[in-house]
Amino acid sequence: MISQFFVLSQRGDNIVFRDYRGEVPKGSAEIFFRKVKFWKEDEAEEAPPVFNVDGVNYIHVKVAGLFFVATTRDNVSPSLFLELLQRIARVTKDYLGVLNEDSLRKNFVLVYELLDEVIDFGYPQTTSTEVLKSYIFNEPIVVDAARLPPLGPASMFMQGTKRMPGTAVTKSVVANEPGGRKREEIFVDIIEKISVTFSSSGYILTSEIDGTIQMKSYLTGNPEIRLALNEDLSIGRNGSSLYDYRSSGGGTVVLDDCNFHESVHLDSFDMDRTLTLIPPDGEFAVMNYRMTQEFKPPFRVNALIEEAGSLKAEVLLKVRADFSPSVTANSIIVQMPVPSYTTRASFELEAGAVGQTTDFKEGSKRLEWCLKKIVGGSEHTLRAKLTFSQESHGNIMKEAGPVNMNFTIPMYNASKLQVRYLQIAKKSKTYNPYRWVRYVTQANSYVARL
């Protein structure tokens with residue numbers, strides 16, 4: 001059971017606080033923030049999601065720059081609490097439209113009303129956006145989307161030649177458009193997180209995709225929706241499905257396994273790979289899937305480190321984008337640990353480099369290379385010269401690396417899973433709601449060994 005729940009800003013300000021059982025001291029929020037801010041245990045840079053201080057268990061997740069925290073003295077399931085905190089954040093976003101410090105402060109009455117329904121005397125009750133609609137009576141105060149930071153190309157929704165900014169989904173599920181109207185539209189995101197490990201010679205050692213089809217509906221009356229996926233989709237590596245679907249195994253897209261939201265009907269999934277559902281209110285995952293079939297990784301990463309004297313070494317990092325020139329990757333960060341006795345690093349970027357920054361993190365002994373964007377088909381190189389305080393111990397290759405990479409690629413998906421069409425049951429001949437679909441690929445664990 002939960003003793004306390006609170007939400008902190010990045011500065012440690014207490015935005016929301018609810019004490020359900022009175023078992024934990026009132027200064028727990030300050031204790032938590034100090035512990036997270038100055039975490040020095042286990043040689044880790046960041047505090048783990050679960051830790052104990054003076055007999056109190058602190059369980060937290062970080063969403064949109066905010067700390068969602070639960071405390072308890074009981075021996076509880078960490079995964080249950082972490083999932084509950086994620087769901088509270090998601091429900092709050094559904095009702096406020098925008099999840100940030102400003103929206104929480106302006107809608108604190110609505111937020112406390114939600115918390116009183118979600119958790120009762122420390123026991124979780126429901127996190128369903130649709131169920132909560134019957135008990136929530138406060139209207140959200142809409143935060144001006146123009147005041148939000150720009151979301152960049154990753155938040156562009158596509159429908160043919162139409163484009164719509166990602167702020168289109170920053171609407172509350174209970175608020176209407178100006179004038180009392182409600183814009184009929186539905187948003188579908190295919191989000192994939194890929195994990196790839198390269199050998200020192202550039203071969204792929206492991207590769208995996210964790211994907212989800214997210215949906216957020218603003219359709220009145222909850223009409224039936226048909227979502228069609230690739231006709232050549234197969235589920236199960238041996239050609240038979242985990243759910244006994246009649247899979248031929250010969251499809252170009254082969255998923256290892258998948259699961260569906262409870263509202264999804266699979267009556268016609270065997271025949272034409274079509275999902276039928278009546279979408280509930282709020283944002284939810286229509287389908288989660290995992291794929292370990294070989295796929296073409298979006299980036300090739302090569303790293304080399306060589307000694308250049310008794311107390312010096314040179315590093316060469318090369319990143320090549322193996323996707324279409326019409327696609328652009330954003331927010332790329334390349335990190336490489338260096339020997340612990342490295343004292344200084346100087347960098348040399350390629351000629352004409354724009355939107356690139358470099359840094360030597362002396363505390364954690366790693367090089368960091370940030371690129372604002374990379375266009376498909378391009379190649380970028382970084383050279384670094386390291387200075388040591390002592391001579392290297394044996395093979396310097398074993399004391400450096402591996403290289404880690406983080407990125408986001410909008411309108412690109414590595415698995416080739418596609419939405420063929422999104423059909424909405426018509427109420428009338430003139431009923432034609434907007435449909436928005438986007439694809440986003442992110443790095444989960446992208447590693448290159450030296």
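**Salt bridges and strand pairs**

Asp 359 and Lys 361 meet through their side chains in a salt bridge, 3.2 Å from N to O. Keep in mind that this is a predicted model. How exposed are the two partners? Asp 359 is partly exposed, at a relative accessible area of 33%. Lys 361 is partly exposed too, at 29% relative accessibility.

Now the strands. Asp 359 stands opposite Glu 368 in S24.

Side chains of opposite charge can pair when their charged atoms come close. The count here is 18 salt bridges. Take Arg 11 and Glu 101: their closest N and O atoms are 2.8 Å apart. Arg 11 sits in the loop between S1 and S2, and Glu 101 in helix H3, so the pair ties together parts 90 residues apart in sequence. Arg 11 counts as exposed, because its relative accessibility is 54% and the cut-off is over 50%. A network of salt bridges links Arg 11, Asp 13, Glu 101 and Arg 105.

One more. Glu 30 and Arg 34 form a salt bridge at 3.3 Å, N to O. Both lie in helix H1, 4 residues apart, about one turn of the helix. Arg 34 is exposed, at 51% relative accessibility.

Note on methods
Residues are numbered from 1 along each chain as its sequence is written. This is a predicted model: local features need pLDDT of at least 70, side-chain atom pairs count only at pLDDT 80 or more; totals for chains, interfaces and linings use all residues. Side-chain values use heavy atoms; hydrogens and water are left out. Two strands pair if DSSP finds at least two bridges between them. Helices (H or I, at least four residues) and strands (E, at least two) are DSSP runs, numbered from the N terminus. A salt bridge is a side-chain nitrogen of Lys or Arg within 4 Å of a carboxyl oxygen of Asp or Glu. Buried means under 20% relative accessible area, exposed over 50%, partly exposed in between (1.4 Å probe, protein chains only).
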